[in-house]
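Here is a walk through a model of two protein chains. Keep the sequence and the coordinates open while reading.

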Amino acid sequence: MAKILVKNNLAPAVYEFIIEAPMIAHKCQPGQFVMIRTDENSERIPLTIADFDREKGTITLIVQTVGNTTTHLCETFIVGDEILDVLGPLGMPSHMSKFGTVVCVGGGIGVAPVYPIARAYHKLGNKVISIIGARNKDLIIFKEKMEAVSDELIITTDDGSAGQKGFVTDSLKAMLEAGEKIDLVLAIGPVIMMKNVAETTRPYGTPTTASLNTIMVDGTGMCGGCRVRVGDENKFACVDGPEFDAHLVDFANLVQRQQMYKGQEMLEYSCGGHCKCVEE
Amino acid sequence: MRGGMRNPMPEQPADIRNKNFEEVALGYDMATAIDEAQRCLNCPKPRCVEGCPVNVEIPAFIQAIAQSKLNEAITILKRKNSLPAVCGRVCPQENQCESKCVLGIKGESVAIGRLERFVADYAREQGIDITKTDIDSSKDKKIAIVGSGPSGLTAAGDLAKMGYDVTMYEALHAPGGVLMYGIPQFRLPKEIVKHEIDALKDLGVKIIPNAVIGRTFTIKELMDEEGFSAVYVGTGAGLPHFMHIDGENLNGVYSANEFLTRVNLMRAYQFPNVATPVYVGKNVAVVGAGNVAMDAARTAKRLGAEQVYIVYRRSEDEMPARKEEIGHAKEEGIELRLLNNPTRILGNDKGWVNGMECVKMELGEPDASGRRSPVEIKGSEYVLDVDMVVMAIGQGPNPLLKQTTPELETNKRGNIVANEEGATSIPGVFAGGDIVTGAATVISAMGAGKKAALAIDEYLSKH
């Protein structure tokens, strides 16, 4: 059981939860995630650890309402409520080193998992350039937090309502074309964004890492539901990743596997399958 | 004639049970159990006990049933076995206790497993609780058990009875290991597993779910920071094997672990009343022929698959599953495709399975182990019309433990190296069950847990 200590609405349909999880807060490293189960009939879903406080024994989770479980969590859980199961920290920590100049790219709520990694890069003395993007200005999250850990922060919006108009990849491409020396690019966000970042850096040979958001069940390596093609090998994102060399990831296979339960995800489980949504 | 034959087990009819998740075998009633118990000859040197990996005093508990002393029967059973309702259901008794029964020479052996199940079920239904009275004096030492499957549960129960302060860590949200996520409801109802685990909690065993070794904590931290004097590792064989053939990443291809975890642990068979979905095709191929394959095939059938195939590269004689499970599967309409091996999985343009290419096999000369190895018949490839594939070709040890405890000696397969008593290369760290032997049976894992509990007690008496 993990008690919710703070709940904030960061953007439309995006919530921040600070929860009590001392064992996880004690151990977690940037790049790791947790599996949660909200209550007895809930499924298990992965969420990245967006921040942690070892002394207070808390971790921060950022949740966007995209389906039954996330909607249930965001709309019915309030401060003081307990999340039934929280397992972690899971996954390999981000590889930390002094690389030189690191560009951290976050799309949508992908900015949240980028934050602890960018902070750690910054602390190690890397020059951190962050590019955070969203559809419009209301959907930009973690702006101040990212500012605090970046030497330079670029904001992009699809509609130009904040920062530069366009995609995160436009800004990244401009940087590469201008001949800026970049030692590492980290991308976290929707699959299409991570794929486009990989294609943008590929011709320049810039090392690029993506944090993959596969379907997961246990999160400990026992089922292979999260398997993904990386180079010539199948990897389990939950134990071998979630970060991989973006130039080796088979993004088409990732997109295809994410669609596996699309039909079932449309069903509203709490209605017991008797409502109209099932007939349609 | 009656003297030579065992009492049959009542079962749900095959064409009814293959559409529900209720238990298949219904259990003996009192009169039948007493009648069956009276077949036991009460041998002075009972060989059945030797066949039991945890050495249950079999004639003694059966004599108690024969005399209608059921409280006594459960007390005798639980002295050696903390999980009799589980063992009575899932042990391969035909290879263990029952294989040694002298009645089996001329007729049928005593139905020891069915009687064990009867007593455990009777005790549960009547609320007979004998565990609390069984605890020794306190030993004032803390022992950590990593993994709450059959071997961990057994070690925890025995150590708690010896008076130790036992804490069990489990990565999943529910304890029980394969008993919860692997073996289906229709063979082992989950309420029964929960009941037997609750009896351990009554002995004082603490269970901490959502704690994964190698991530949430390491063995070293348990011993240096958390004050545990000894650690028992029973983390099992939970890493699924794939065949590494083309098409294994198509949608509709599952490991048996994932398919069964979704259905058993997450109760996806109740979707959409629970949130975890599971995909089930119209025509399903399950690759492999062990008990896990039988469970996956019978589960797919119950979820509504029209045609379910077991695809196996050897013949029926070599199938590792229990005969009883193979029989149940056949009765339920599962079709065996023996001497067949998948070569690739085919998909449509959306990335979903729409066929599996197989090659026919024949058995060649016996190899060094005496087993005839399957050889491909060249040019015999054909496409099996399936839209879902479950890989049930075995499991290995999870690599997380090794990654974070490199000083723990493992063999080239990744299994922990431990001696007969379960002692590993690290003093005070013991291991047993599938993590040591590779995927085996529930009862052999329990036997390992029992031996290790004794070895831990001996170790702690000296340290």
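**A loop, a hairpin and an interface**

Start in chain B, where B:Asn55 sits in the loop that runs between α3 (47-51) and α4 (58-66). Its backbone is worth a look. Phi of B:Asn55 is near 55°, a positive value in a residue that is not glycine.

The model is predicted, and confidence comes next. Chain B has a mean pLDDT of 93, with 98% of its residues at 70 or more. Chain A has a mean of 92, and 95% of its residues reach 70 or more. One stretch of chain A needs caution: over residues 269-280, pLDDT stays under 50. For that stretch the model has 18 contacts beyond four places in sequence. For the complex, the predictor gives an ipTM of 0.92 and a pTM of 0.94.

Now turn to the contact between the chains. On the chain B side, 47 residues are in contact with 48 residues of chain A. Together the two chains bury about 3,800 Å². Carbon and sulfur atoms account for 54% of that area. Which three residues supply more of the area that chain B buries against chain A than any other three? They are B:Asn210, B:Arg215 and B:Asn249, and they supply 20% of it.

Polar links also cross this interface. Between chain B and chain A, 24 residue pairs are in polar contact, both residues being at pLDDT 80 or more. The salt bridges between the chains number two. In one salt bridge, the side chain of B:Glu221 meets that of A:Lys27, at 3.0 Å from N to O.

Which elements of chain B supply at least two residues each to the side that touches chain A? They are the strands β5 (239-240) and β6 (253-255), and the helices α14 (256-265) and α17 (400-404). The largest share of that side comes from α14(B), with four residues. By class, the side of chain B that touches chain A has 23 nonpolar residues, 16 polar ones and eight charged ones.

Stay with α14(B) for a moment. The loop between α14 and β7 (283-287) of chain B holds B:Pro272. The peptide bond that leads from B:Phe271 to B:Pro272 is cis, and its omega is near 10°.

Chain A has a cis peptide bond to show as well. This bond runs from A:Gly241 to A:Pro242, with omega near 10°. A:Pro242 is in the chain A loop between α7 (237-240) and β16 (243-245).

Strand β14 (residues 227-230) and strand β15 (residues 233-236) of chain A pair in the antiparallel sense. Four bridges join them. Across the pair, A:Val228 stands opposite A:Lys235 of β15(A). How many residues lie between the strands of this hairpin? There are two, and A:Gly231 takes a positive phi near 65° in the hairpin.

Conventions: Residues are numbered from 1 along each chain as its sequence is written. Chains are lettered from A and ligands numbered from 1 in the order in which they are written. Side-chain values use heavy atoms; hydrogens and water are left out. Two strands pair if DSSP finds at least two bridges between them. Contact means heavy atoms within 4.5 Å. Buried area is the accessible area (1.4 Å probe) that two parts lose on being put together, summed over both. A salt bridge is a side-chain nitrogen of Lys or Arg within 4 Å of a carboxyl oxygen of Asp or Glu. A polar contact is a pair of N or O atoms within 3.5 Å; within protein, one must be able to donate a hydrogen and the other to accept it, and residues adjacent in sequence count only if both atoms are side-chain atoms. Ala, Val, Leu, Ile, Met, Phe, Trp, Tyr, Cys and Pro count as nonpolar, Asp, Glu, Lys and Arg as charged, and the others, Gly among them, as polar. pLDDT is the predictor's confidence in each residue, from 0 to 100.
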